[in-house]
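These are my notebook entries on a structure that I looked through step by step. I set down each item that I looked up, together with what I found.

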Amino acid sequence: MDKHLTPKFIFLLPSLILIGILSYLPLLYAIFLSFHIGRGKSLVFNYFENYMGLLSDEAFIIAFSNSLIFTLIIVPCIIVLSLVVSLSIHKVKSKQLQNLFTAILFIPCITSPVAYSLFVKQLAYSDGTLSNLLRGLNLVSSSYNILQEVWGARLLIAFVCIWAWSGFYILILSVAMNNINPDIYRAAKLDGATDFIIARKIVFPTIRPILALITILATSNTFQIYIESAIITKGGPGMATLTLVNQLYKKSFTYVAQYGYSSAIAIVIFTVCVLVSGMLFIAWSENEAENR
Amino acid sequence: MRPKTGDTANILFIIVVCIVAVLPYLIMGISCFSTSASIKGNLIFSDISLSNFVSNWDSLMNEKYFLSSLWNSFFVSTLASLGGVLVASMAGYAYTIYSSKKINWLFLASFYSMLIPTAAILVPIFLIFKYTNLLDTYLALILTSMSIPFLIYLFKQNTRLFPTELISAAKIDGLSELSIFFKVYIPYLKPVYIAAIMISFFNAWNSILIPVVILQSQYKFTNAIFLNSLGSIWSADYAVMMLALLISTLPPLVLFLIFQRHIIKTMGGIN
């Protein structure tokens, strides 16, 4: 056997090769393509033209702002909801009940996005249940169709995502809260601390690093929102729910494939995700340093 | 001591949230005993009967690619999760056991690849498989469904529980490095393996973005792609669709309910 082929590298090599070929190589390839026009052998270097094109492309600007709108609605809702629910679960005394609740809330996370999106589409489609429910409650006029309203469609998709993804974050937060030493609670209660003070002074500081991680994950996931709007609204009404990934997919695989142009969109998505993660990470580590 | 009423209100609140979480499954469950005509636009289903269920079932089974899509998903997800967990756990093991500065760089490189959005590499992945003539093959699908970076992190975090004395003991017994991994490490971390296999199975079962680009032949479609194509037919029967959604949701759901204890514990370990 080759001397350099130590067990270490037998263990590491398969994963490094797979990650290299299926993550980093495609990323470099996307960067390369984003500076080119054409396909296959007729690929021509065209400097920043794809990126300049994005700036004057109305559909791209709309898609970008829609992804931003979804992120700004969905991420805060998910974080607040997960915090409130996991704090409530944490207050339940029986460990078995805690596990049961966490497991039930996790069920949407193992459901295929295609399946729940189709379900919601069926409920929301013009003669569907959802619009009838809103009409029945007298919340909207008789001609209201949720999929034809800009904010109706957006909020519907936002609601679906919050419903589908929160269980994952609730699970992570619940386990983190359970790792807190129970003696600390007992001591706090002896000192007469209320639930609110315990949550603020004991639970919150311990889970703050995890909160930062969750915010990064939720932001990056939401910015890539795709299948929900592709199925439920097809990006409509008009372009009100068209997201960046919808637009990327359209440019690459439906009409005439424009790989260079769609790769420029891909790089924008990548850059935003990395920047947001980096900013949150830096903010979090500065915060940690201050509190030390 | 907390007042009793506060506890009751708290539990009631959680129960309401849980009901909202599972309501869609209940609606799917009721809808498949009904007919399209009676569900459309209604909240209360009037026409519920077993014979409706039978006829919905029959028309779903007549859907040419439904059953084959379930089997394809099962096949692809099983191979992807087993392969991914083996590769990732080997790496997670090595990153903890042989920890050094150089090795740590490799770990960070694996870890940060999680930051690359799937959407951003969609076109390159398509082109790479096109040039290697692997488009429309299960091999391409399995390779892209493995979620290795996340699993490496999961195993690295959970390997902290593994007592290193076991390794020195096994070395004294004359076991090679590879057999230590297979005969000592894997049995010791069995619960983590079960959970990791389940989590990556769910990921593979539910993934849609890359599979839709890779697969082209209808008979190879996974369940998610099949549903996706069913959804674009506007005339699809409402009640039959609900039955299809329910059945497609069941395999991951049943696996989750069986192994939920392991899964929740292991997922918690990633903190």
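**Entry 1. A helix pair across the two chains.** I began with helix α1 (residues 7-33) of chain A and α4(B), whose axes come within 8 Å and cross at roughly 130 degrees. I noted that this is a predicted model. The two helices, α1(A) and α4(B), are therefore oblique to each other. I recorded the crossing of α1(A) past α4(B) as left-handed. On the side of α1(A), I listed A:K8, A:F11, A:L12, A:P14, A:S15 and A:L18 as the residues that make the contact. On the side of α4(B), the contact is made by B:V87, B:A88, B:M90, B:A91, B:Y93 and B:A94. Sorted by class, the contact of α1(A) with α4(B) has 10 nonpolar, 1 polar and 1 charged residues.

**Entry 2. A helix pair within chain B.** I then stayed with helix α4 (residues 66-97) of chain B and looked up its packing against helix α11 (residues 190-206) of chain B. Their axes come within 8 Å, and the crossing angle is roughly 135 degrees. That angle makes α4(B) oblique to α11(B). Here α4(B) passes α11(B) in a right-handed crossing. From α4(B), the residues in the contact include B:S73, B:V76, B:A80, B:G84 and B:S89. They meet residues of α11(B), among them B:Y193, B:A196, B:I197, B:F201 and B:W205. I sorted the residues of the contact of α4(B) with α11(B) and found 10 nonpolar, 7 polar and no charged.

**Entry 3. The interface as a whole.** How many residues of chain B are in contact with chain A? I found 67 residues of chain B in contact with 72 residues of chain A. Helix α14 (residues 238-268) of chain B gives the most to the side of chain B that touches chain A, with 12 residues. By class, that side of chain B has 50 nonpolar, 14 polar and 3 charged residues.

**Entry 4. Chain A in outline.** I counted 12 helices and 2 strands in chain A. The C-alpha atoms of chain A fill a box of roughly 75 × 75 × 40 Å along the principal axes. Of the 292 residues in chain A, 43% are buried. I also looked at contacts in chain A between residues at least 6 apart in sequence, and 70% of these join residues at least 24 apart.

**Entry 5. The largest nonpolar core.** Which residues of the largest nonpolar core touch the most other members? Within this core of 156 residues, I found them to be A:A266, A:I269 and B:A196. The largest share of this core, 17 residues, comes from helix α7 (residues 150-178) of chain A.

**Entry 6. An enclosed helix.** I turned to helix α11 (residues 244-253) of chain A, where 8 of the 10 residues are buried, so this helix is largely enclosed by the rest of the structure. The buried residues of α11(A) include A:L244, A:V245, A:L248 and A:Y249. The charged residue A:K251 is also buried.

**Entry 7. A loop residue in chain A.** I located A:N46 in the loop between β2 (44-45) and α2 (49-55) of chain A. Is A:N46 buried, exposed or partly exposed? I found A:N46 to be partly exposed, because 15 other C-beta atoms lie within 10 Å. Apart from its neighbours within four places in sequence, A:N46 is in contact with A:F35, A:H36 and A:I37.

**Entry 8. Two loop residues in chain B.** Most residues other than glycine have a negative phi. I looked up B:N133, which is not a glycine and has a positive phi of about 60 degrees. B:N133 lies in the loop between α6 (122-131) and α7 (138-144) of chain B. With 9 C-beta neighbours inside 10 Å, B:N133 counts as exposed. B:D136 is likewise not a glycine, and its phi is positive, at about 65 degrees. I placed B:D136 in the loop between α6 and α7 of chain B. B:D136 is partly exposed, with 14 other C-beta atoms within 10 Å.

Methods:
Residues numbered from 1 in each chain as written. Chains lettered and ligands numbered in written order. Predicted model: local features only at pLDDT ≥ 70, side-chain atom pairs only at ≥ 80, totals over all residues. Axes fitted to C-alpha atoms, helices over the stretch in contact; angles between N-to-C directions. Helix = DSSP H or I, 4+ residues; strand = E, 2+ residues; numbered from the N terminus. Parallel < 35°, antiparallel > 145°, perpendicular 65-115°, else oblique. Left-handed = near helix turned anticlockwise from the far one by under 90°. Contact = placed C-beta atoms within 7 Å. Buried ≥ 20, exposed ≤ 12 C-beta atoms within 10 Å, placed from the backbone. Core = buried A, V, L, I, M, F, W, Y, C linked by C-beta atoms within 7 Å.
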